[in-house]
Amino acid sequence: MSAQTYKKKYEISPSGDLPDKMTIYQDCMNTFNESPVNAKRCRLLISRLLRLLANGDTFPQNEATALFFSISKLFQHQSDSLRQSVYLAIKELSGISEDVLMATSSIMKDVQNGSDLIKPNALRSLTYVLDESTAFSAERLLKSAVVSKNPSISSAALCTSYNLLPISDVTIKRFANETQEAIVDLKQFVLLDEASEFYPTSTFTTQYHALGLIYQLKRNDKMALLKLVNQFSSGNALKNQFAMVQLVKIVDDLIHRDTQLISNFETLLTSWLDSKYESVQLETAKLITSFATHHSHLVGNRLFSNAVSTLQTMLSTPRVTSRFAALRVLNRISMVSPEKIVVCNPELESLINDSNRNVSTYAITTLLKTGTAKNISSLISTITKFFHEVSDDFKIIIIDAVRTLSLNFPQEWKPILDFLTDVLKNSEGGFNYKNSIVEAIIEIVSFIPQAKELAMEQLCDFIEDCEFNEILVRVLHLLGKEGPHTSTPSLYVRHIYNRVVLENSIIRSAAVVALSKFALIKNNTPLAESVVGLLKRISDDEDDEVRDRATISLKFIDSAKKNPVGEELLHSKYTYDLSSLEKKLTSYMSSNSDAFKTPFDVTSIPKYTEDEVKAMELKKKQQSFNSSTEELGTKFTDEAEETGKRLDSATYHGANLDEHSKDLQSTKYIDELLSIEQFKEFGSLINSSKTFPLTETEAEFVVNGVKHLFKEHVVLQFNITNTLTDVALDNVAVVCSSEDQESSELKELFTIPVDRLLPSEESACYVAFKKPEGVVMESFLNNLTFTTRELNPDTKLPFDDDEGFQDEYEIDPLVLNAGDYIKSSFVGDFSASFDELPNENVAVYNVQESMSLQEVIDKLIVNTSCLALENTQYAQNETNQHTLKLFGKSALNGTKIALIVKIVKSKKGIALKAQGRGEDATLSSDLVNGLM
Amino acid sequence: MGNFFSSMFDRLWGVNKELRILILGLDGAGKTTILYRLQIGEVVTTKPTIGFNVETLTYKNLKLNVWDLGGQTSIRPYWRCYYADTAAVIFVVDSTDKDRMGTASKELHLMLQEEELQDAALLVFANKQDQPGALSASEVSKELNLVELKDRSWSIVASSAIKGEGISEGLDWLIDVIKDEQL
């Protein structure tokens, strides 16, 4: 063996190479089993082992277990430093090895009799070896360690207790007094000799750990938490900044549970904003601002502006992390109420050139959100100056911000488009970057009619010199879709044909499709003829695909003259709901037993017109805003998060939360509904509502309702969850009675009950009604009826001899209103469309409840199921009035309907004036008169 | 030179060599109490051992490494992880627990079949003699079928860990056997 390899094997070389895994394993097994133990060598080996594990290597379970047992033998040696390594190894191996409980007694002995040096390690490793059945045996040990005067020991015991809480809460709950004591007791290290001046004095972290544990222990007891906050917020009770941050978080949890509490905490929060610790300031500012996004009427203006000015000051601190954290909070505020942070603009502008890229990018995006119609152009010129200095990733973020700006301020499209074309043409960048710019421009084309032609021309220029096939294809598709409807279609034909001449086959085939759409322009025969001429020339192309497409196009064009089907194929007015199309196709493929003899039935898939697709896209964009602000609430435990969410959704059924999963859920409901035999004869489903909660979420039976509309039928779906643990429900049905029995136009047909609902199961019960054609509005009073059957705890099935007994449970009413007959739709120019529509109806409302403007707006959007246009879905915070513009289409016959709602808030309440116009007179008046 | 001799001398008497001794037996037999009676000479309050306790003690110039393994049913399967290099096994029996003598006997014979324990001496403590109704050493011996053991030095001693009776007698015998056979 040469000196070189010898060295490599036994010493850690400077480059940090380790011997291979098997060598380490063998060395460990041999050395650890030796007697007497060589402590020094064992420590070296353990450190290698730990290094290996830290690098992500792992051992199969049997080897890990063998390692664990051999390491457990090292408990015979009394060296403290070896013992510390052993604890680290146990901690790492506990995840992969079996039977770690074999170390329990040895660890407990160390906790009891070991030196102060190893006690914390021993205590912490208890977390890994104890389980439900053994945790109680450590109770006394942990308890006395919690009250230890040594801060490290106390902290370790508190952390272990915290981690054991989910394993054995019965044991840990007995520690409440000791934990409380540990917060009060300011533990310091006992310094014994002169050298001790070099040791740190206590940071009082114990307080943080103790506060964390006590919160977990008392989280369900609001009064206890309030007491806790009162006790520790006064004076100098807390010395540790993490503990103070934790206290802020407890307050956050409390006010999310009971929003009225915020007023009690106002003084406290204000004083925290001036805390000497930045972390406390930050956390407090975060709490105030995030709370204000959901409950703006509860947060005083002074408190909010104090919070903002705290953040503002933090923007100019020398520490990058503080700047970043403050910016992050400001950025989130900017998503909902940018006008509130305009005061910070000077600081934000100075951060644009911050040396830290994350900070500068965040500053820009925040600035862009604070943009108003007035300052957009100046903002954009600011960005243009430094834009070329940042990397692609940041450029994309900026482009995205600019893009949302264009949606919010459609009238300011000119400087935005100029900026986008400038960066598109004059900067270098990869595919993702260019793609994001093109996407932004495409969005302008589809949502801002005034900017359409100019934007398309810019795209045409761009594709003259574009290296990315994917982008080229997208642009060509867009030109084909929008080009024929512009004033100068021939311009686009020229650009598209240029591609055919110059580019590769992928692009050529895309160009052919785009080109063919120009052949069908009405009243422009010369252009159509020349397009046909071009297509004929292309049908000699050397590429198969291109030739095929050209030939097919020619065929279609030819037939379109006689037959509208061809036109439909070229100019498709509908797109299918892609996710359900995919699902149906998959099930068609997998279930097809007759070898594709029956054709795929495309009619069952929902179709959308172009306007509807746009409406959905716009809605999604608006919602992605909301959901990002939703995260704003910082809740530090899952459960708190849930309560928070529930509270939000209780005030705010509006466009928030996880929309995507809701979408999926509603598709699921529809599929389930349509698979039931009885509903097949109702024809196709016209509209399905969102899911409405009909009970409290903590009720014994949680029920939510969905309304499904057919042409002549209504189906109410009730999703019932049995939250009881030991009772099953049989024959669960919902008895729906119309509020006004005599005049009801609906006739109940049948009910499909749930046969049996086991604990924690969810199932749906349906009630079907026959309704006359047209709009019927009705309010249903609902009663849940069921038979309870007690469960045999062994079989989890009802006792056979148990007859069960009938019971009833009242749930909230469900209202079928005009909004259920409407689908949201998009229109580029709202005012013009509104003026064109006939049948005006006006109604005035007075809302007495104390709601904020935003809550009223959200409720209106949900009730009407219309799409809010021109960015009117957000209330401006300073003002007391707002104008909401809504647009939709009838789900029954597709007639348009537009609504302008003026909302004025005064001391007495909120006054609404709704002005509705629609092609369908009854729908328009029903909608206007059934708003709230 | 003197150093050399003394270390030779030490080696002769085995001072530097540590002897591994296991204390085994059913749960509640008094293994942990015996261990600490040996180490600190006192009766300590114990709880069921989850895992093991290990102590090093010097007895008659010999360094003993004594392992007290938990006796609960769930822990017995892990005994074998600690059999390697064992000089002697101390098997502790609760003499008052007549019902579980069969179990104890089974565990004992199962353990002694292990390859790694072929050369280990066996000392059985018929413990808890202070309690009324305790079987005598010879009765326990019969229950455990000790006479069947071949090729092994074994002995049974009546003991009371609480009172400290019989423990040192048993250990004296064990040390003598080990010195004779293994050093």
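## Lys770(A) and Glu712(A)

A salt bridge joins the side chains of Lys770(A) and Glu712(A), with an N to O distance of 3.5 Å. The two residues sit in distant parts of chain A, 58 residues apart. Lys770(A) belongs to strand β10 (residues 762-770), while Glu712(A) lies in the loop between β5 (701-710) and β6 (713-722). The model is predicted.

Lys770(A) is partly exposed at a relative accessible area of 33%. Glu712(A) is also partly exposed, with a value of 30%.

## Glu482(A) and Lys452(A)

Another salt bridge in chain A pairs Glu482(A) with Lys452(A), whose closest N and O atoms are 2.7 Å apart. Glu482(A) is in helix α26 (residues 469-482) and Lys452(A) in helix α25 (residues 452-463), so the bridge ties together parts that are 30 residues apart in sequence.

Glu482(A) counts as buried because its relative accessibility is 4%, and the cut-off for buried is under 20%. Lys452(A), at 21% relative accessibility, counts as partly exposed.

## Arg100(B) and Asp27(B)

In chain B, Arg100(B) forms a salt bridge with Asp27(B), and the closest N and O atoms are 3.1 Å apart. Both partners are in loops: Arg100(B) in the one between β4 (88-94) and α3 (101-112), Asp27(B) in the one between β1 (18-25) and α2 (31-40). The pair links distant parts of chain B, 73 residues apart.

Arg100(B) is partly exposed, with a relative accessibility of 26%. Asp27(B) is partly exposed as well, at 27%.

## Salt bridges across the structure

Asp400(A), Arg403(A), Glu439(A), Glu443(A) and Arg474(A) are joined into one network by salt bridges that share partners. Over all chains, the whole structure holds 36 salt bridges.

## Chain B as a whole

Chain B has 5 helices and 6 strands. Along the sequence these elements follow the pattern α-β-α-β-β-β-α-β-α-β-α. Among the contacts in chain B with a separation of 6 or more, 72% are between residues 24 or more positions apart.

Chain B has 183 residues, of which 52% count as buried. The chain exposes about 8800 Å², and carbon and sulfur atoms supply 50% of this area.

Conventions
Residues numbered from 1 in each chain as written. Chains lettered and ligands numbered in written order. Predicted model: local features only at pLDDT ≥ 70, side-chain atom pairs only at ≥ 80, totals over all residues. Heavy atoms only, no water. Helix = DSSP H or I, 4+ residues; strand = E, 2+ residues; numbered from the N terminus. Buried < 20%, exposed > 50% of the residue type's maximum accessible area, 1.4 Å probe, protein only. Contact = heavy atoms within 4.5 Å. Areas by Shrake-Rupley, 256 points an atom, 1.4 Å probe, with all protein chains shown as cover. Salt bridge = Lys/Arg side-chain N within 4 Å of Asp/Glu carboxyl O.
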